[in-house]
Amino acid sequence: MYEKDGEKYFIVDAHIALWDGRESNQKNVHGKQFIDCFYDYHKNLSPEEVVWDYDTYTYYGGRRLMKDLFEDGYVDHAIFQPALLGDFYRNGFGQTEEAFGLASEHPDKLTYNHAYDPRNGEAGLEQLRRDAERMNLKGVKLYTAEWHGDSRGWKLDDPWSRRYLEECLELGITNIHVHKGPTIRPLDRDAFDVADIDKVATDYLGLNFIVEHVGLPRLEDFCWIATQESNVYGGLAVAMPFIHTRPKYFAQIIGELLYWIGEDKIFFSSDYALWTPKWLVEKFVDFQIPADLTEYAPITTDQKKKILGLNAAALYHLDVPAELRLPTEAGDAGVEVAAGARS
Amino acid sequence: MTTVATSLVDVVLAALGTVADPELDEPITSLGFVRSVRIDDIGVTVHLRLPTSFCSPNFAYLMASDAQDALRRVGGLGRIVVQLDDHHDSEKINAGLAADAGYVGTFGSEAEDSLDELRRTFQRKAHTAAMERCAAVLLRDTDLTVDDLHLVTLADLPEGPHKEALLRRRVAVGLGVHPGEPVVVDEDGGPLAPEAVPLRLRFAKAVRISIEGNSHFCRGLLATRYADADDGMSIHVTNLRSTS
């Protein structure tokens with residue numbers, strides 16, 4: 001919970017990780033390239049005083065995570081969204097068992113979402129069924145740019161992916177978090193294309209599709225799709241830290257999102273440990289759309305409360321203390337947005 | 001001699017300056033993507049770099065092969081070598097460029113046909129953003145409202161960099177530049193019904209913000225990635241050519 005100027009905010013960090021990017025876990029040069037790329041994101045977009053040293057960044061462990069989120073970071077509840085990256089790391093990048101263990105130890109504070117790769121075919125489906133039962137899964141994180149043998153990416157509307165989504169429906173795994181990385185195959189088309197989300201969102205109305213980093217670098221295509229589909233949401237992972245380095249650009253992103261997808265479908269996340277939640281929460285509560293961006297209405301306290309936690313709490317059925325709720329329900333997916341755009 | 005040598009460097013840099021990142025719609029020279037240029041008696045060697053190891057390889061290939069083509073068009077430079085550094089597909093792309101293997105030859109089964117459609121997609125986005133910038137200037141500096149914009153033609157736009165940029169991008173997507181052509185057009189360049197203009201502009205604005213935002217992001221990451229490099233963000237130029 002974060003409190004400022006008499007207002008109290010329930011904080012859900014909807015995208016966190018517990019990773020191991022250490023050299024000892026790297027399978028090949030791509031493991032190093034990947035964690036180095038993450039570290040550049042961290043260094044480039046964090047305020048100087050919260051930049052970690054490289055070694056801490058490669059592996060920080062569960063205790064540090066609990067402190068950064070719940071002691072220092074104002075977070076009430078956080079959701080693990082692991083990236084597997086089995087072709088880059090010996091024991092995977094996201095430490096799934098360690099994270100699941102931590103979530104089992106602190107069920108009031110942590111939700112564990114798992115990950116799968118539809119290219120594992122029938123065996124992977126069987127594994128998903130076992131995982132869903134053992135881990136009591138409510139959501140999964142899918143990374144479409146994952147490398148897998150000769151394949152360097154997949155699409156949500158691939159035949160096997162559809163089978164996995166149908167299985168998710170059966171298993172009650174309703175929250176599908178999608179991270180659109182550069183999906184390489186085929187190279188002829190835009191690697192960040194979000195059109196596959198549009199197709200599966202239309203076909204699987206019983207699933208919620210939360211598009212991480214709000215479709216960046218294809219914000220406009222994501223906004224258009226999210227406007228058409230009632231079950232598409234936007235996660236602010238990666239977009240959040242622009243609040244520090246590029247506040248005007250951040251204001252434009254938020255302005256566009258509020259216009260196209262509305263205040264009920266946007267989720268805060270730090271993308272921990274890419275960034276830490278403390279400074280992001282503080283800055284977001286203080287944030288206002290600059291006066292010279294006259295095309296956007298000022299952001300309200302209620303909108304901030306929804307984005308910072310109440311929307312994700314609604315989607316994950318988290319118990320929000322009465323004093324932190326709003327008089328009206330957050331997370332109302334049926335609200336009319338972007339007048340005229342919905343076909 | 002000095003004059004000649006300097007002008008050769010300028011010619012090479014100018015040729016590289018015609019190569020744009022298709023996604024960001026800016027020259028690779030101003031984005032910092034050209035790491036070094038070395039000119040000697042044998043030819044010209046250019047090293048390119050990108051903000052991350054995982055930048056899309058199709059864009060990486062487009063920029064590297066466009067750079068090679070641009071230098072060849074200059075003529076008389078000798079052997080031209082373009083290399084992409086520090087990318088997960090550096091080996092593949094550099095081998096493909098060296099062998100003149102083309103797109104399909106470079107990427108094998110991961111390539112289907114060509115990158116023409118990819119290029120067109122981003123030319124369309126660049127045009128959409130340029131159109132929005134021009135419309136925004138009119139709405140800001142004149143009495144026109146969004147309801148008047150369906151009547152606005154190229155002749156109504158004030159001269160300046162925004163109009164020049166729009167005209168260039170219209171040519172790139174195959175649209176005319178006659179003064180009587182409408183400014184605000186649909187995705188395919190066709191005319192719009194008056195009531196369709198506001199939403200088209202609203203979307204065009206999202207396109208523009210997306211492109212500009214990606215540019216901030218890429219520049220920032222590149223600067224962080226190469227913060228410790230000897231020349232920082234500037235192009236390291238070496239000219240060892242003994243004769244013009």
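In this predicted model, chain B is divided into two domains. Domain 1 comprises residues 2-114 together with 220-239. Domain 2 covers residues 116-217. The C-alpha centres of domain 1 and domain 2 of chain B lie 30 Å apart. Contact between them involves 10 residues of domain 1 of chain B and 10 residues of domain 2 of chain B. On the domain 1 side, α3 and α8 of chain B each supply at least two of the touching residues. By class, this side of domain 1 of chain B has 4 nonpolar, 3 polar and 3 charged residues.

The secondary structure of chain B amounts to 8 helices and 6 strands. Along the sequence, these elements follow the pattern α-β-β-α-β-β-α-β-α-α-α-α-α-β. Along its principal axes, the C-alpha trace of chain B spans about 60 × 45 × 35 Å. Chain B has 244 residues, of which 36% count as buried. Contacts in chain B between residues at least 6 apart in sequence were also examined by separation. Of these, 68% join residues at least 24 apart.

A UniProt annotation from an unreviewed entry, "domain: MIP18 family-like", covers residues 11-76 of chain B. This span of chain B is 44% helix and 24% strand. The end C-alpha atoms of residues 11-76 of chain B lie 11 Å apart.

Strand β5 of chain B, residues 79-84, contains Val82(B). Val82(B) has 25 other C-beta atoms within 10 Å and is therefore buried, the threshold being 20 or more. Leaving aside residues up to four places away in sequence, Val82(B) touches Val46(B), Leu48(B), Ala64(B), Ala67(B), Gln68(B) and Leu97(B). Among these partners, Ala64(B), Ala67(B) and Gln68(B) fall within the range of α3 of chain B, residues 57-74. Val82(B) and Val11(B) are 71 residues apart in sequence. Their C-alpha atoms are 16 Å apart in space.

The contact between the two chains takes 30 residues from chain B and 30 residues from chain A. On the chain B side, the elements giving two or more residues are α3 (57-74), α6 (116-141) and α8 (197-225). Helix α8(B) gives the most, with 13 residues. By class, the side of chain B that touches chain A divides into 12 nonpolar, 13 polar and 5 charged residues. Both α3 and α8 of chain B also supply residues to the side of domain 1 of chain B that touches domain 2 of chain B.

Helix packing across the two chains was described for α8(B) and α10 of chain A, residues 247-260. Two packed helices are described by the angle between their axes and the distance between the axes. Helix α10(A) packs against α8(B) at an angle of about 145°. The axes of α10(A) and α8(B) are 10 Å apart. The crossing of α10(A) past α8(B) is left-handed. On the α10(A) side, the contact is made by Tyr249(A), Gln252(A), Ile253(A) and Glu256(A). Helix α8(B) contributes Ala206(B), Ile209(B), Gly213(B) and His216(B). The residues of this contact of α10(A) with α8(B) divide into 4 nonpolar, 3 polar and 1 charged.

Technical notes: Residues numbered from 1 in each chain as written. Chains lettered and ligands numbered in written order. Predicted model: local features only at pLDDT ≥ 70, side-chain atom pairs only at ≥ 80, totals over all residues. Contact = placed C-beta atoms within 7 Å. Helix = DSSP H or I, 4+ residues; strand = E, 2+ residues; numbered from the N terminus. Nonpolar A, V, L, I, M, F, W, Y, C, P; charged D, E, K, R; others polar. Domains from an automatic or database assignment. Axes fitted to C-alpha atoms, helices over the stretch in contact; angles between N-to-C directions. Left-handed = near helix turned anticlockwise from the far one by under 90°. UniProt positions renumbered as here; feature names shortened; annotations may be inferred. Buried ≥ 20, exposed ≤ 12 C-beta atoms within 10 Å, placed from the backbone.
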